[in-house]
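Thanks for coming. I will take a few minutes to walk through one structure, and you can follow along on the screen.

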Amino acid sequence: DMHGYNLNKDFDHNTENIKEESLEFVTNCHNCKKEGVTRMCTCEIPFFKELIVMAFTCAYCGSRSSEVKTGGGVPPKGKRMVFSVDGREQLDRDIFKSESAEVTINELGLTITAGSMGGLYSTVEGLLMKLVETFRENNPFVGDSADVEFTDRFNKFVDKVEKFQAGEEKFTLIIDDPLDNSWIMNPQAPEVDASMEFTMYE
């Protein structure tokens, strides 16, 4: 595509689109324990590094899973990225958040610690959607038996995220990765993007 790379962001639900030249190998299904297939391919991201995409499907029970990891060794320094999101253009930016990255949105009073979510390749808007989805799926206090006060606070949180997704409010996305394995697309690369700040640290 126009950015010089092609990575199917919907491989969670559409593993058939993984490149034909990808590697395939048999893997036991974590759900039914029968033999499934893992497909693996690589994708080079300009001005970043190589990503390794692994997608598993089970023909017996229909289970699917996926992982995205970076290739290469361990960088000597970590990186903290501060991205000021203001409008539709920034929401459409591609991002990769590695397993080692911590994600903070101060306007939500929210920090997702490293390891809480796996590697994610999406857009800024897609990351927001994933945050809400993760909270809904993993929080025992969301549902019919939820505490009224908690439900009210959670709904306000979702409303705030939806305003961010609609581009109605500005917010700051901070991705702090001690392994420097995360990335936010810069349309001006290799020139500096005024909406992003980077800090390298030991």
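**A walk through the model**

Buried here means under 20% relative accessible area, exposed means over 50%, and partly exposed is in between, with a 1.4 Å probe and protein chains only. Asp 180 sits in the loop between β10 (171-177) and β11. Its phi is positive, about 50 degrees, although Asp 180 is not a glycine. Most residues other than glycine have a negative phi, and most peptide bonds are trans.

Before going on, a word on the source. This is a predicted model, in which local features need pLDDT of at least 70 and side-chain atom pairs count only at pLDDT 80 or more, while totals for chains, interfaces and linings use all residues. Residues are numbered from 1 along each chain as its sequence is written, and side-chain values use heavy atoms, with hydrogens and water left out.

Now the overall picture. The protein has three helices and twelve strands. Those are DSSP runs, numbered from the N terminus: helices are H or I with at least four residues, strands are E with at least two. Of the 202 residues in the protein, 44% are buried. The exposed surface comes to about 11600 Å², and carbon and sulfur atoms supply 48% of it. Those areas come from the Shrake-Rupley method with a 1.4 Å probe, and for residues only the protein chains shown count as cover. Contact means heavy atoms within 4.5 Å. Among contacts with a separation of 6 or more, 61% are between residues 24 or more positions apart.

Back to the backbone. Lys 33 also has a positive phi, near 75 degrees, and is not a glycine. Lys 33 is in the loop between β1 (23-28) and β2 (35-44). Is Lys 33 buried or exposed? Lys 33 is exposed, with a relative accessible area of 60%. There is also a cis peptide bond, from Ala 189 to Pro 190, with omega near 10 degrees. Pro 190 lies in the loop between β11 and β12 (196-201).

Next, the cysteines. How many disulfides does the structure hold? The count is zero, where a disulfide is a pair of cysteine sulfur atoms within 2.5 Å. The closest cysteine sulfur to that of Cys 32 is in Cys 58, at 3.6 Å, so the two are too far apart for a bond. For Cys 61 the closest is the sulfur of Cys 29, at 3.7 Å, which is again too far for a bond. Cys 32 is partly exposed, at 26% relative accessibility, and Cys 61 is partly exposed as well, at 34%.

Tyr 60 lies in the loop between β3 (50-57) and β4 (64-70), and is exposed, with a relative accessible area of 56%. Tyr 60 and Cys 32 are 28 residues apart along the chain, with 7.9 Å between their C-alpha atoms. Setting aside neighbours within four places in sequence, Tyr 60 contacts Cys 32, Lys 34 and Glu 35.

On to the aromatic rings. The structure holds three aromatic pairs. Rings of Phe, Tyr and Trp (its six-membered ring) pair if their centres lie within 6.5 Å; planes under 30 degrees apart count as stacked, over 60 as edge-to-face and the rest as tilted. One of the pairs is Tyr 121 with Trp 183, which is stacked, at 6.3 Å centre to centre and 20 degrees between the planes. This pair links distant parts of the chain, with Tyr 121 in strand β9 (residues 120-123) and Trp 183 in strand β11 (residues 183-184), 62 residues apart. Both Tyr 121 and Trp 183 are buried. Another pair is Phe 154 and Phe 157, tilted, with centres 6.1 Å apart and planes at 35 degrees. Because Phe 154 and Phe 157 are three residues apart in helix α3 (residues 148-165), about one helical turn separates them. Phe 154 is buried at 7%, and Phe 157 is buried at 15%.

Last, a charged residue. Lys 97 lies in strand β6 (residues 94-97). Lys 97 is buried and has no salt bridge, and the nearest side chain of opposite charge, Asp 177, is 7.6 Å away. A salt bridge is a side-chain nitrogen of Lys or Arg within 4 Å of a carboxyl oxygen of Asp or Glu. For charge, Lys and Arg count as positive and Asp and Glu as negative; His and the chain ends are not counted. Beyond its neighbours within four places in sequence, the contacts of Lys 97 include Val 103, Met 117 and Ser 182.
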